[in-house]
Amino acid sequence: KKHVGAIHCTNQFTSSTDPIYIAAMEASHGLGGILLENANLDDLGGTLYIRGSVPVSIEKKLVTQQSTSAPSFTFRMGDSEKLHGILYNPAVYYHQHIPPGGEVDQNEQREHLLKAMAPFQWYSSILQTTLDSEPILHCYGLHEWAMQYHPEGSPPPPSAKYQSGLDLRVSREVINDTVERKGIRCTHVDALRFFAPAAGPLNHHGAQLERMDQLRLEQKGCVHAHMDLLKIG
């Protein structure tokens, strides 16, 4: 990885003689970002290209190229120069840049800025809450069991449609008895969404959790909170 500094002033493009630096800053309209050298379109997969990634090529003559793994994404690069890499910057995704010479209304610019700030502020708050929390170490991963909880006469678990041909590793009776005897202490909003309908009321922290509950309940002992680090990253 090669870091490209975030410089807004387009006049500073001419202050550097590094053609890769100039091309990267022009591709991102002066925002800069992280330049993944030698990365190509297929490295973007199916989603990264819509999250603020732009191709960096020095060539000025343009032809259209397309990725095999991201068929909806096209870009333009030089026909006589290979793609040098992919520049990644989430701010590009939120359209925070102002094209050189362009004019943007102050209210519109403020609205764009708020949109760009919102996810960073939210994730910053979540991470701080997690760091400040006391870990809960006695949930024993029973959120997985709660997804299979199915006492007689209750609605089937959401996953039942995918498991009609698969045997459970333990019997339904053992699952039901364990959930009822131990109870559930799940603090994660997204894990609770996949609970069997009858399991929700058995959760110590509530049968339903709202997104804002993350600020109150997120804690560092949760395996799902650690999985979220990949998403946030």
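1. Aspartate 43 counts as exposed, at 51% relative accessibility. Here exposed means over 50% relative accessible area, buried under 20%, and partly exposed in between (1.4 Å probe, protein chains only). Aspartate 43 sits in the loop between β2 (33-37) and β3 (53-56). The C-alpha atoms of aspartate 43 and isoleucine 86 are separated by 9.0 Å. Along the chain, these two residues are 43 residues apart.

2. A word on the basis. This is a predicted model, in which local features need pLDDT of at least 70 and side-chain atom pairs count only at pLDDT 80 or more, while totals for chains, interfaces and linings use all residues. Residues are numbered from 1 along each chain as its sequence is written, and side-chain values use heavy atoms, with hydrogens and water left out. Helices (H or I, at least four residues) and strands (E, at least two) are DSSP runs, numbered from the N terminus.

3. Look next at tyrosine 140. Its place is the loop between α3 (106-132) and α4. Tyrosine 140 is exposed, with a relative accessible area of 59%. Its phi is positive, about 60 degrees, although the residue is not a glycine. Lysine 182 lies over the face of the tyrosine 140 ring, at 5.8 Å from the ring centre. The rule for such a charge: NZ of Lys or CZ of Arg within 6 Å of the ring centre and within 35 degrees of the ring normal.

4. Helix α5 covers residues 172-182. Its buried residues are Ile175, Asn176, Thr178 and Val179. They cover an arc of only 165 degrees around the axis, which puts them on the same side of α5. The arc is that of the directions from the helix axis to the C-beta atoms. The face turned away from this buried side carries the exposed residues Glu173 and Arg181.

5. What do the buried residues of α5 pack against? They pack against α4 (143-146), where contact means heavy atoms within 4.5 Å. After α5 comes glycine 183, with a positive phi near 75 degrees.

6. Helix α8 covers residues 223-232, and its buried residues are His224, Ala225 and Asp228. Seen down the axis of α8, these fall within an arc of 95 degrees, so they line one face of the helix. An α-helix has 3.6 residues a turn, so residues three or four places apart point the same way. The buried residues of α8 pack against α4, α6 (189-192) and α7 (214-217).
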